[in-house]
Amino acid sequence: MDKIRIRGGRPLSGNITIGGAKNAALPLMAAGLLTAERLVLTNVPLLADIQTMAILLRNHGVAVATPGNDGRTLSIGGPIANIEAPYDIVRKMRASFLVLGPILARTGEARVSLPGGCQIGARPVDLHLKGLEQLGAEIRLDAGYVLASAPQGLQGATIVLPFPSVGATENLLMAASLANGQTILANAAREPEITNLAECLVAMGARIAGIGSDRLTIEGVPCLHGATHAIIPDRIETGSYACAAAITGGAVHLRGGRADHLGAVVRTLAEAGVEIREEDGGLSVSRRNGLHGIDFITEPYPGFPTDMQAQLMALMSVAEGASMITENIFEDRFGHAAELRRMGANIKVHGASAIIRGTPMLSGAPVMASDLRASFGLIVAGLAAHGETTVNRVYHLDRGYEAVEQKLAACGADIERVAA
Ligand code: UD1
């Protein structure tokens, strides 16, 4: 299996182009199941997870084409020939579960494998299922699969989510778009990726009010039509490269990065001593002085995103003073702490909180990525560490970051992919 090898200590300098958001692209691809007409998505990132979702859509009988020659435009459409999302695909990528709402709403039945646990916590799907039941679906569990049926179609309802789950909000929003009557989704998640999805659904003929808020009102329509829709720039990729630049004391321009999607991250980084300015259609990130330890907690949007926690922990491991990070979204998302410790970081984990006492210098080491964002956290650490760091289990990284080693090497990092 491939590894990433980094020799740390070089300040990053240059331009990095931010790709389309993985977490916007995946639900938008699932939305392609809501219509027989063509949904064309642009600014699609070239990632393993996108390939997995394309395989899943094709498994449902839907055509997925890549018109154009850069692979960044996807055209999705056609009749649903198979309502089953098999275990072998769903276990690879939890976002596969997002096909449940669209297939059920369009065909009246769906059979989707339960995703099971993952490295960062149990991650149940109870909120997706309860919400669909409130929309009138009958849900049964059989042999590890969810069997959902609504032969007469889904019925609009008022659903109050006990927690603003991103995936549940997306599944229910898509399903409600084709339900009979009005649905109110209260305490909905309001991540920018959900706004991107809702705007696409509106372009497909859905009637949705309250977009961007935690209360979505959906007037169901009998069918949706084709549309062309652009995927927003990836806010987590943007924040990840901001941390990479900051730890090296460098200066980079993140082309396409949007500050309006990164409010809590920009504020937290500023507190730590990192300058981020909006300019030339992107964000400029630099650090002239030392890094200070800071405290933050992960929360649903617009709070600090859990998907930026590992990268900030790496940054705080070389900051002056102590930091406390509290992880409120996932119960087991500190897998990177033990790996950072192997590089000399001083980190203690107490339940949902981690205390990081900054050390002046990390030392390179072989490390293991525990999940997608943890893998970038280890790269951030490796960029500043003395000596050589080898990040193993790079398949996590490839799920969600496009061409990491090329982007960082173009800014002066000593980084390469080593084929196994
Ligand atoms: C999405 C993102 C992921 C991000 C997460 C939180 C995608 C493809 N993935 O994941 O990168 O880290 O949001 O911002 O967009 N929960 C339940 N029951 C449910 C659903 C969720 O208890 O039915 C819990 C989860 O276990 C977790 C928390 O709610 O503890 C947040 O999960 P959720 O917001 O649903 O995250 P995902 O949609 O899985």
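**The ligand shell**

Mentor: Helix α5 gives the largest share of the shell around the ligand, 3 residues. Helices here are DSSP runs of H or I with at least four residues, numbered from the N terminus. The model is predicted, so local features need pLDDT of at least 70 and side-chain atom pairs count only at pLDDT 80 or more, while totals for chains, interfaces and linings use all residues. Residues are numbered from 1 along each chain as its sequence is written, and side-chain values use heavy atoms, with hydrogens and water left out.

The ligand is surrounded by 17 residues, and the closest are D126, L127, S165, D307 and I329; a residue counts as near if one of its heavy atoms lies within 4 Å. Both α5 (126–134) and α6 (166–177) supply at least two residues of this shell. By type, the shell divides into 8 nonpolar, 5 polar and 4 charged residues. In this count Ala, Val, Leu, Ile, Met, Phe, Trp, Tyr, Cys and Pro are nonpolar, Asp, Glu, Lys and Arg are charged, and the others, Gly among them, are polar.

A polar side-chain atom of D307 lies 2.6 Å from a ligand oxygen. A polar backbone atom of I329 is 2.6 Å from an oxygen atom of the ligand, and for a backbone N or O atom of G167 the distance to a ligand oxygen is 2.8 Å. Of the 730 Å² of accessible area that the ligand has on its own, the protein covers 84%; such areas come from the Shrake-Rupley method with a 1.4 Å probe.

Next, helix α10 (residues 309–316). Here 8 of the 8 residues are buried, so the helix is largely enclosed by the rest of the structure. Buried means under 20% relative accessible area, with a 1.4 Å probe and protein chains only. Among the buried residues of α10 are Q309, L312 and M316.

As for rings, the structure holds 3 aromatic pairs, where ring centres of Phe, Tyr or Trp (its six-membered ring) lie within 6.5 Å. The centres of Y241 and F376 are 5.2 Å apart and their planes stand at 85°, so this pair is edge-to-face, a label for planes over 60 degrees apart. Y241 belongs to helix α8 (residues 235–248) and F376 to helix α12 (residues 372–384), 135 residues apart. Y241 is buried, at 0% relative accessible area, and F376 is buried at 0%. Together with Y401 they form one aromatic cluster.

Technical notes
A polar contact is a pair of N or O atoms within 3.5 Å; within protein, one must be able to donate a hydrogen and the other to accept it, and residues adjacent in sequence count only if both atoms are side-chain atoms. Rings of Phe, Tyr and Trp (its six-membered ring) pair if their centres lie within 6.5 Å; planes under 30 degrees apart count as stacked, over 60 as edge-to-face and the rest as tilted. Buried means under 20% relative accessible area, exposed over 50%, partly exposed in between (1.4 Å probe, protein chains only).
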